Amino acid sequence: MVKYILAFFVFISNLCLANMASPIQEGTHAITAISSKDIAILNENIRISIDKYFNKAFYQVEYTIRTESGGVQIPLLFHARDYLGKFKVWLDGKAVELKEVPLSPQDTLKRFDGFSDAFRKTDSPFPTELLVRYDVHSGRYFPLSDFVYFEVDLSKGVHQISVEYVGGVWADRSGWLKKYSFRYFLSPAREWKSFHELYVSIDASAFKETIHSNLGKPDSGSLKQTAHWTFKGIPSDYIELSYQPKPSNFAGLLIGISPLGLTLIFGLVLILLHIGVIRFLIKRSKMILSSFVVVAGSILIPFVILAGYTFSYDVIDSAIGMHAGRYHGYTFLVVFLYVIVMPVYWLGIHQITTSFKRSFARKL
């Protein structure tokens, strides 16, 4: 019977987790530019600086583009929402005025013909969303109001476009401790007319803890100071810089024991105390009081143990502190096991009590 109860503990916890919302707290969607099919991007130079708290990242991105013909053009679209501060763009060293992508009228949207493959129409006769692919098999549609552009009379030849913004951190709460990360999505570059070189520099000198990246070993430098990479193609669908705090020794111990382990320890102590009090009262021939303790304990102790299982998550989270994931599902649902556990416990205590009475009766 005990193993079935333990199995149900595990099952109900997993069921609760399955019904929860996503454990990912999204930060800034730092996304490389969406390029018009009318221009060629020769290279992209990404510089990311991490702040000392791993809460913000300062992005500086430069695109070297080449236009095959002169005239008024819209070379790039930028995702420019959820940033911390202003989204700034320069063309050949001069600041440009940014505009939101309009939802209508149709003659205005004709100017975005170079991006038409990324647009999606919904119930409106005009495009209202734009697709950003995360990888070959998945992507996300963002409303056009999330994007900005600039329109300029470009001469034929090579130009430099620079972008600056500050992005917020992502947090994955699926574990006991949050895993923090900054993400820069490179996947739109797969749709560019051309892609020659990618330069990436990560400056983490202000942050004193160990961080990790999905870019592999740097070509020069290190993530403890400034790391540099050069790629001839797209190394990944997104750049991820991640950091996960380490728990204290005490918190690590509690995590190792687990809520189920803490509940078993707590429950065993309560059960032994309950049995000890009953034995003491029977030994002292206080039968009425011992019967009351049997009944009261059989009613209360199973509920307290089940409630303790839920509370054990809070105990571990409190030991972890501010970096606790606190993503555990509806663990309070285990109290519904009461209708199963209480009768089983009462029956067990009744048998133990009967054994005590017989044992002490033979000694009289």
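This is a predicted model: local features need pLDDT of at least 70, side-chain atom pairs count only at pLDDT 80 or more; totals for chains, interfaces and linings use all residues.
Let me begin with a polar contact: a polar atom in the side chain of Ser194 lies 3.4 Å from the backbone oxygen of Ile41. By polar contact I mean a pair of N or O atoms within 3.5 Å; within protein, one must be able to donate a hydrogen and the other to accept it, and residues adjacent in sequence count only if both atoms are side-chain atoms.

Residues are numbered from 1 along each chain as its sequence is written, and side-chain values use heavy atoms, with hydrogens and water left out.

Let us stay with Ser194. This serine sits in the loop between strand E18 (179-185) and strand E19 (197-203). Helices (H or I, at least four residues) and strands (E, at least two) are DSSP runs, numbered from the N terminus. Ser194 is buried, with a relative accessible area of 16%; buried means under 20%, exposed over 50%, and partly exposed in between, using a 1.4 Å probe and protein chains only. Apart from neighbours within four places in sequence, Ser194 is in contact with Ala40 and Ile41, where contact means heavy atoms within 4.5 Å. Ser194 and Ser35 are 159 residues apart in sequence, yet their C-alpha atoms are 9.7 Å apart in space.

The structure holds 19 aromatic pairs. Rings of Phe, Tyr and Trp (its six-membered ring) pair if their centres lie within 6.5 Å; planes under 30 degrees apart count as stacked, over 60 as edge-to-face and the rest as tilted. Tyr63 and Trp192 form an edge-to-face pair, 6.2 Å centre to centre with 75° between the planes. A tilted pair is formed by Phe78 and Phe87, with 5.7 Å between centres and 50° between planes; both residues are buried. These four residues belong to one aromatic cluster, together with Tyr59, Tyr83, Tyr165 and Tyr184.

I turn now to backbone angles. Most residues other than glycine have a negative phi. Asp92 is in the loop between strand E8 (88-91) and strand E9 (94-95) and is partly exposed, at 42%.

Finally, two helices. Helix H3 (residues 249-283) spans only 44 Å between its end C-alpha atoms, whereas a straight helix of 35 residues would span 51 Å. The expected span is 1.5 Å times one less than the number of residues. At Ser258, shortly before Pro259, H3 has a kink of about 85°, the bend being the angle between axes fitted to the seven residues ending there and the seven starting there. Helix H4 (residues 287-320) reaches 47 Å, close to the expected 50 Å, and has a kink of about 35° centred on Thr310. Just after H4, Gly321 takes a positive phi of about 95°.
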